Amino acid sequence: MQDRPRRSVLYMPGSRPRALEKARSLPADALILDLEDAVAPAEKPAAREMVAAALRAGGYGPRELVVRINALDTEWGPADLAAACAAGADAVLLPKVNGPDDLARAEALMPAGADRPRLWAMMETPLGVLNAAAIAAATPRLECMVIGTNDLAKDLGARNRPDRMPLLPALATCLLAARAHGLACIDGVYNAFRDPEGLRAECVQGRDMGFDGKTLIHPDQLAIANEVFAPSAEELEEARAQLVAWDAAQARGEGVAVWGGRIVERLHAEAARQLLARAEAIRAREAAGAG
Ligand code: COA
Ligand code: MG
C-alpha cells in the first residue's frame, strides 16, 4: 500500500472543457483526463490539445493528474503519450494492458529524464488479468493498477450483479499482483451515477477487499468514495488504543498485548500505524485544498 490518498479517482472526457475546468475545484484525490473511450474518434486530436492546455494552465492543486491515452497501436496513441509527457502529467494510464510488453513499449517511447510521468495500467482484458503478476513486475515506473470493470464484464460475458460475483476472481487477482509488488490498486466504476446507495455498497465491497479507492464518473460520486475509503473515527480510535496496549506490553517485555478481547501482535501494531499514517495523509490532502 502506498501512503498517497487515492480514495476518489475521477474520469472526465478530455473533450469536455467544462469538466476539465470544474475538476480544479472538485474534492477528488486524482483526476483521469481521458483521451480514450470517453472521446469520439473525430474529437481525439482536439481533446489531446485541450488536455495538454489544461495541464499546462494548472490550477489543480494537490490532485494527482493522470492522462488516459489511446492504445499505442492506434493512430492516436503515440501522439497522446508524447503530449502527456510534454505537458507534465503525473502519470499516464495505459488502456487494455495485456502483458509486460505493453509497458515496455510505452517506456521506450517516453522521453528520457527524471520527471517523466509514472505509468498506470488499465486491467480490463482477460489476458491482462491472467498476466497480472508479470505486469505488476514489469517496470519500477508502474505505480498503480486501475480495474476496467465494464470492459472486463463485456469480454467475460458476465452479467451485471450487485454482488459483482462474476468479477471477483479478476478483482482479487489484480489486487494480489498489485500488493505483491507494492502498487496501488483502484476499483472500477459504478455506472449508475444517480444511485448513491448502490455506489456506497460497491465502495464498501471494494474497500473491504483492499482497494485504495474507486474510479468515478460523476462529481456526485466523490463524497461517498472519499468517506468510505477513509479510515473511520472508530477505526482510528481502535488503532490508537491498540498502540497504547502494544507499547505497554513492549515495556513489560511481552510480545503480545490484549485489547478489546483480541490479541495485538507486532503486525497489528504495524497495521495500526499504517492506518494512522493514511488518515494523516488524507488530512494533509484536505488541508491542501482537494477534499
Ligand atoms: N468530471 C468533471 N465534471 C463533471 C463530470 C466529470 N466526470 N461529469 C459531470 N461533470 C460536471 C458537469 O460539467 C456539470 O457541471 P456544471 O453544472 O457546473 O456545468 C456538473 O458536473 C453536473 O453534471 P450533470 O449535468 O449531472 O451530468 P452531465 O449530464 O453533464 O454528464 C456524464 C453525465 C455521465 C455524461 C458525465 O458525468 C461524464 O461524461 N462522465 C465521465 C465519463 C467518462 O469519462 N467515461 C470514461 C471512463 S468510464
Ligand atoms: Mg476500457
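Predicted model: local features only at pLDDT ≥ 70, side-chain atom pairs only at ≥ 80, totals over all residues.
D212 is buried, with a relative accessible area of 10%. Side chains of opposite charge can pair when their charged atoms come close.

**Salt bridges across the sequence**

- D212 pairs with R179 in a salt bridge, and their closest N and O atoms are 3.1 Å apart.
- R179 sits in helix α8 and D212 in the loop between α9 (196-209) and β8 (213-216), so this pair ties together parts 33 residues apart in sequence.
- R179 is partly exposed, at 26% relative accessible area.
- R164 and D187 form another salt bridge through their side chains, at 2.7 Å from N to O.
- R164 is in the loop between α7 and α8, while D187 is in strand β7 (residues 184-187), so the pair ties together parts 23 residues apart in sequence.
- D187 counts as buried, at 0% relative accessibility.
- R164 also counts as buried, at 5%.
- R262 and E238 meet in a salt bridge as well, at 3.5 Å from N to O.
- That pair ties together parts 24 residues apart in sequence, because R262 lies in strand β10 and E238 in helix α11 (residues 233-251).
- R262 is partly exposed, with a relative accessible area of 45%.
- E238 is partly exposed too, with 27%.

**A charged network**

- D34, E36, D37, R68, K96 and D151 are linked in a network of salt bridges.
- E36 is in the loop between β2 (30-34) and α2 (44-57).
- E36 counts as buried, at 5% relative accessibility.
- The side chains of E36 and K96 make a polar contact at 3.3 Å.
- K96 is in the loop between β4 (91-94) and α4 (100-109), and this lysine is partly exposed at 31% relative accessible area.

**The magnesium ion**

- Which residues coordinate the magnesium ion (ligand 2)? E124 (OE) and D151 (OD) do so, at 2.0 to 2.2 Å.
- The two residues come from distant parts of the chain, 27 residues apart.
- E124 is in the loop between β5 (118-123) and α5 (126-130), and D151 is in helix α7 (residues 149-156).
- Both E124 and D151 are buried.
- D151 is also a member of the salt-bridge network.

**Ligand 1**

- Ligand 1 has 17 residues around it, and Y11, R18, K22, I217 and H218 come nearest.
- A backbone N or O atom of Y11 lies 2.8 Å from a nitrogen atom of ligand 1.
- The side chain of H218 has an N or O atom 2.7 Å from an oxygen atom of ligand 1.
- For the side chain of R194, an N or O atom is 3.1 Å from an oxygen atom of ligand 1.
- On its own, ligand 1 has 890 Å² of accessible area, and the protein covers 67% of that.
- Strand β1 gives the largest share of the shell, 4 residues.
- β1 (8-13) and α1 (17-22) each supply at least two shell residues.

**Positive phi angles**

- Most residues other than glycine have a negative phi.
- K96 has a positive phi, near 45°.
- R164 has a positive phi, near 55°.

**A nonpolar surface patch**

- V256, V258 and I263 form a nonpolar patch on the surface, with about 260 Å² of accessible area together.
- I263 is in strand β10 (residues 262-264).
- I263 is partly exposed, with a relative accessible area of 47%.

Technical notes
Residues numbered from 1 in each chain as written. Chains lettered and ligands numbered in written order. Heavy atoms only, no water. Patch = residues over 30% accessible without salt bridge, like charges linked within 9 Å, V, L, I, M, F, W, Y side chains within 5 Å. Areas by Shrake-Rupley, 256 points an atom, 1.4 Å probe, with all protein chains shown as cover. Salt bridge = Lys/Arg side-chain N within 4 Å of Asp/Glu carboxyl O. Buried < 20%, exposed > 50% of the residue type's maximum accessible area, 1.4 Å probe, protein only. Donors = N, O, S within 2.8 Å, 3.2 Å for Na, K, Ca; no water. Near = heavy atom within 4 Å. Polar contact = N/O pair within 3.5 Å; in protein donor to acceptor, adjacent residues only side chain to side chain.
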